[in-house]
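Please open the structure in a viewer and keep the selection panel at hand.

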Amino acid sequence: MTATDVCEGAELKSKRIILRLIHLCYRSHNARHGEPEEGHSIIPDDLFLSTDMIETSLRTEVWREITRPYFETTQSVDDSVSTLEGSVRVRTAGTLLIGPTSFNRQHYSRDRRIIRQSGLDQYLIQLFVAGALEGDCGGQAISVKPGDICVFDLARTFTSSACAGSTMSITLPREQIDKAASGRSLHGVVLKAGDPVTRLLSEFIVSLFDTAPDMESTDTLAIEEAAIELLASGIARRDPEGTVGDPLLAQVLRRRMLEFIDSNLTEPDLGPALLMRRFRVSRAHLYRMFSSDGGVAKLVRERRLEAAYRELMRSASPSRPITEIAYDLGFSSSDQFLRGFRARFAMTPSDARERGLALAHADRSLSDVRAHFAEQTKWLDAEGRLHRV
């Protein structure tokens, strides 16, 4: 065995150890805002990671691991550049994660495996500062240019390809966004640059990132709530085509109807006729109000599927039969329920139940994403010092 063989073997072993250390980041579940587990330190509120900190041969695997909680990152099919590169800075504003990301040309995919593994159920809001993105969000084609704001539902699948550029991203909780949207899907919504609301939201996102380090702890909660309300309202007032939403009175009536629907999902007669009698509206008016949802029947089916999903994700009652859940929510057969569930969530009801049980044990959340980034930062710092020696 030559000296060269020994060196190459040592280098390969070193790389394997490095990659093994990176994967240990998913075992960190100690980021509970000042309540670290014994033997662990509190995660910093400002983290920076960059592939420039390590040697070129390791950059692709490291960048794939850094971005893994959000998506599977690969080289674009038509790209001559073989190395993935990028950087990300993460700051916290209460429970929100916000920060800029830069990247070279690359492809992203969030499939049901990534959804299960990450446990993330929030919205990812991205302001494109430079570059462009083409993607598919559940069958809806999107095109994002500089100055646009794009919305991704992390509970749903999507694929996209981006050219070299940068974004300012913020992760928002689902409940407030869904409430502001009055039940409409915002997955793949693109707010176009130049629109007054888009400009306002863009300036606010950048300002929130800039001021996050200076926030007093006593002000953080109020600022966080105000930020969520502003962003939720601004995003939800646009439909996927970017048109203006319904007038105020129609929105109030729509919200009341949605509350009625959600309270009566187990009612067999729930449908257009019942809503017309209950709210004294014509069929034509009802159709116009829910045309963007594909009609009342489709909306009711979607809400029932979402209710079934929540029930299956509850680890407290895993023994309740799936068929019973389906029949209680108005589905006429288990086959009908299975087809609709798979089409809506890209997984079977059994997969959803398994995911709920897994999440009950893993307790994954945005805190775990911060832990993930913190572990990456520690490793990159150590690796950078190693190469400077």
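The stops that follow begin with the whole chain and then turn to single elements and residues.

This is a predicted model, in which local features need pLDDT of at least 70, side-chain atom pairs count only at pLDDT 80 or more, and totals for chains, interfaces and linings use all residues. Residues are numbered from 1 along each chain as its sequence is written, and side-chain values use heavy atoms, with hydrogens and water left out.

**The whole chain**

Of the 389 residues, 48% count as buried, where buried means under 20% relative accessible area, exposed over 50%, and partly exposed in between (1.4 Å probe, protein chains only). Among contacts (heavy atoms within 4.5 Å) between residues at least 6 apart in sequence, 75% join residues at least 24 apart.

**Helices H10 and H12**

Select residues 296-313, helix H10, together with residues 334-345, helix H12. The two pack at an angle of about 85 degrees, with their axes 10 Å apart. Axes are lines fitted to C-alpha atoms, for helices over the stretch in contact, and angles run from 0 to 180 degrees between N-to-C directions. H10 and H12 are therefore roughly perpendicular to each other; under 35 degrees counts as roughly parallel, over 145 as roughly antiparallel, 65 to 115 as roughly perpendicular and the rest as oblique.

Now show side chains. From H10, Glu302, Leu305, Glu306, Ala308, Tyr309 and Leu312 meet Phe337, Gly340, Phe341, Arg344 and Phe345 of H12.

Which residues form a tilted aromatic pair with 55 degrees between the planes? They are Phe337 and Phe341, at 5.6 Å centre to centre. Rings of Phe, Tyr and Trp (its six-membered ring) pair if their centres lie within 6.5 Å; planes under 30 degrees apart count as stacked, over 60 as edge-to-face and the rest as tilted. Because they are four residues apart in helix H12, Phe337 and Phe341 are separated by about one helical turn. Both Phe337 and Phe341 are buried. The structure holds eight aromatic pairs. For an aromatic cluster, select Tyr70, Phe71, Tyr108, Phe152 and Phe158.

**The nonpolar cores**

Next, select Met257, Phe290 and Phe341, the residues with the most contacts inside the largest nonpolar core, which has 32 residues. Such a core is a set of buried Ala, Val, Leu, Ile, Met, Phe, Trp, Tyr and Cys residues joined through side-chain atoms within 4.5 Å. Helices H7 (248-263), H8 (272-279), H9 (283-289), H10, H11 (322-328) and H12 are the elements that give two or more residues to this core. H10 gives the most, with nine residues. Apart from this core lies another, of 31 residues, among them Leu47, Val88, Tyr108 and Val369.

Return to Met257 and show its surroundings. Not counting residues up to four places away in sequence, Met257 touches Phe279, Val281, Leu286, Met289 and Phe290.

**Two single residues**

Select Ala180, located in helix H4 (residues 174-180). Ala180 is partly exposed, with a relative accessible area of 23%. Ala180 and Ala236 are 56 residues apart in sequence and 5.9 Å apart in space, C-alpha to C-alpha.

Finally, select Arg280, in the loop between H8 and H9. Is Arg280 buried or exposed? Arg280 is exposed, with a relative accessible area of 80%. Although Arg280 is not a glycine, it has a positive phi of about 55 degrees.
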